[in-house]
Amino acid sequence: MENFLCVSLRISLASLCVNIPESFPGAAAVTQIASNIQITPLSMCFAILRETVLDRHSQRNENVSAKAQHRSSLRSENVQSFSTTGVFSSVLPMEIDSKICSQARISRDARFDGRFFIGVKSTRIYCRSICPVRTVKEENVRYFLTAAAAAEAGFRPCLRCRPESSPGTPAWLGSSATVSRALGLIAESALEDAGVSELAARLGIGPRQLRRLFLRHLGASPIAVASTRRLHFAKTLVDETRLPLGEVALAAGFGSVRRFNAAFRKTYDRTPSQIRRLSRATAIQPEHEYLFRLHFRPPFHWDALLSFLERRAIPGVEVIESGSYRRTISLNGHSGTVGVSHAPDAAQLQLRVSFPDARWLFLIVERIRRLFDLGADPREVAVRLSTDPWLAQRVKQMPGLRVPGCWDGFELAIRAILGQQISVKGASTLAGRLVQTFGEAIAAGGVLTHLFPRPEILAAGNIARIGLPARRAETIRALAQAVSEGQIVFGAVANSEDFQDRLRQVPGIGEWTAQYVAMRALGDPDAFPASDLGLLSAAAPARERELIQRAEAWRPWRSYAAMYLWQATGEDHSATLDGQTAGQLTPKLRRAAIA
């Protein structure tokens with residue numbers, strides 16, 4: 001386009017301005033100025049006209065882009081607004097507050113770990129905010145929203161603070177709903193199975209628009225984000241396991257060892273073997289067993305989260321003992337176990353994995369991170385919820401409360417249906433019977449004896465024989481049938497609202513179950529099961545409509561607000577039978593639900 005304009009201008013000037021007539025207004029001035037700067041009057045006129053046309057062309061593009069961006073924002077962006085005390089602007093997510101970043105960098109505040117990365121201009125290395133190296137002068141650093149953005153700018157990861165070990169950039173941080181959903185899909189290896197075009201199609205937008213959104217909100221393209229995640233996980237496997245490097249390449253998602261080696265040389269300027277020799281010594285684990293350190297942003301209320309999981313543990317599948325969480329897992333026909341414990345002296349959890357196929361380690365680690373809500377930023381949550389008198393004191397008393405996720409969405413949904421209209425303890429008893437009757441027995445050792453039943457098994461089974469009312473048994477069978485036929489898919493959900501609509505089409509599943517599943521299985525921070533008797537009891541004497549209205553001020557953290565309210569009731573809550581309000585319950589059922 002620029003070449004075309006230049007040619008057109010030359011033709012126009014040749015025909016109009018070859019000889020500037022003396023009678024032309026300002027002709028003498030033009031000739032004098034051109035003489036002073038040692039160019040011909042024709043060249044000067046050409047330069048002025050060229051810049052004028054190009055400026056107008058640029059302004060036109062900016063106006064078109066602004067209008068398109070405005071239409072897009074009205075149609076699909078739904079940019080989330082957060083507290084102005086955060087690092088990032090609530091209006092323009094890519095605007096980083098350099099003053100706050102500088103303060104966090106100098107103080108090495110762990111609460112900001114993973115929320116931004118620091119690029120050192122002299123060494124071309126990027127670090128975490130808690131990096132222990134000597135503090136660099138402010139004029140010698142750049143700040144990046146994500147590790148992928150730093151890598152795209154030509155910076156290499158620091159070998160000392162290890163950016164791959166950071167809690168990660170929260171999916172909701174300063175991003176649109178579309179980008180947030182895309183990050184969730186990428187975390188579940190959506191780009192490994194398909195390309196950007198298919199990922200964009202699942203989100204309901206075009207691939208170019210998806211790339212623009214990523215560049216605007218994260219500073220890097222979808223491919224760059226996925227590649228950085230893959231490389232960081234490979235670095236973790238090199239540092240923290242003794243897994244052969246060829247298996248590391250496969251486990252991290254590299255198609256070949258050659259690509260794996262090339263990526264390490266390009267990023268770290270070292271081979272994987274050299275990186276392993278530089279890493280700290282790790283104890284040799286038994287075959288097919290791995291130890292990972294998963295970092296989080298403090299504070300982290302480990303006891304409250306563990307207590308929540310203990311009350312809802314499925315006998316034979318989950319157990320909480322000696323201050324740690326253990327459970328059985330199944331992926332791609334293989335079974336194993338995971339165990340998670342808290343390291344009190346560090347902002348991290350220790351994850352022990354026993355699984356025969358290393359290619360699934362990335363997915364296992366990502367699921368455990370979501371189960372324990374390690375990507376959350378408790379500081380942002382506390383700022384918003386503390387503005388409400390109902391919650392301010394609870395937030396102060398229990399800082400760092402997390403929203404527990406789940407290992408498998410189908411398992412959680414079944415557990416939620418079992419909990420309708422009965423106590424939490426009663427629901428766990430029924431879940432244990434379901435596992436014993438329909439689950440697959442494995443030799444995991446100790447009290448972990450079974451895998452949770454597969455959907456096709458429950459779809460064909462007589463669920464009522466475990467002592468379940470016929471209506472709830474039919475709900476479980478219908479949900480299992482829908483999942484086994486692919487009508488409902490819990491993994492890689494692109495749109496929470498659409499998923500909840502499909503879930504509510506199953507007879508016996510209403511708003512409470514749909515919101516509870518979105519809260520824990522999908523990791524939706526704004527899901528809110530308002531009809532829950534525990535929430536209504538904690539907010540007494542509020543009615544459901546009043547609670548919903550008040551909860552509007554808690555957005556986008558209503559799931560965390562629910563956790564704080566449940567703490568006030570001892571967490572022995574249960575849902576009403578979906579479709580039946582709390583006022584329709586008999587006094588006996590009401591007591592059973594919250595006792």
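Author: Helices (H or I, at least four residues) and strands (E, at least two) are DSSP runs, numbered from the N terminus. The model discussed here is predicted.

Reader: How many helices and strands does the chain have?

Author: The chain comprises 27 helices and 11 strands. Of its 595 residues, 50% are buried. Among contacts with a separation of 6 or more, 68% are between residues 24 or more positions apart.

Reader: Which residues make the contact between α18 and α19?

Author: From α18, the contact involves I414, R415 and L418. Sorted by class, the contact has seven nonpolar residues, one polar residue and one charged residue.

Reader: Which residue in the loop between α18 and α19 deserves attention for its backbone?

Author: Most residues other than glycine have a negative phi, and most peptide bonds are trans. In the loop between α18 and α19 lies Q421, a residue other than glycine whose phi is positive, near 70°. Q421 has a relative accessible area of 16%, so it counts as buried.

Reader: Is H288, which also has a positive phi, buried or partly exposed?

Author: H288 is located in the loop between α13 (272-278) and β5. Although H288 is not a glycine, its phi is about 65°. With a relative accessible area of 34%, H288 is partly exposed.

Reader: Where are cis peptide bonds found, beginning with the one from P298 to P299?

Author: The bond from P298 to P299 is cis, its omega being near 0°. P299 belongs to the loop between β5 (289-295) and α14. A cis peptide bond also joins R555 and P556, with omega about 0°. P556 is situated in the loop between α25 and α26.

Reader: How many residues of helix α26 are buried?

Author: In helix α26 (residues 558-568), nine of the 11 residues are buried, so the helix is largely enclosed by the rest of the structure. The buried residues are R558, S559, Y560, A561, A562, M563, Y564, L565 and W566.

Reader: Against which helices do the buried residues of α26 pack?

Author: They pack against α14 (302-311), α16, α17 (389-397), α23 (511-520), α24 (533-538) and α25 (544-551).

Reader: Which side chain does that of E380 meet in a polar contact?

Author: The side chain of E380 is joined to that of R115 by a polar contact of 3.1 Å.

Note on methods: Residues are numbered from 1 along each chain as its sequence is written. This is a predicted model: local features need pLDDT of at least 70, side-chain atom pairs count only at pLDDT 80 or more; totals for chains, interfaces and linings use all residues. Side-chain values use heavy atoms; hydrogens and water are left out. Contact means heavy atoms within 4.5 Å. Ala, Val, Leu, Ile, Met, Phe, Trp, Tyr, Cys and Pro count as nonpolar, Asp, Glu, Lys and Arg as charged, and the others, Gly among them, as polar. A polar contact is a pair of N or O atoms within 3.5 Å; within protein, one must be able to donate a hydrogen and the other to accept it, and residues adjacent in sequence count only if both atoms are side-chain atoms. Buried means under 20% relative accessible area, exposed over 50%, partly exposed in between (1.4 Å probe, protein chains only).
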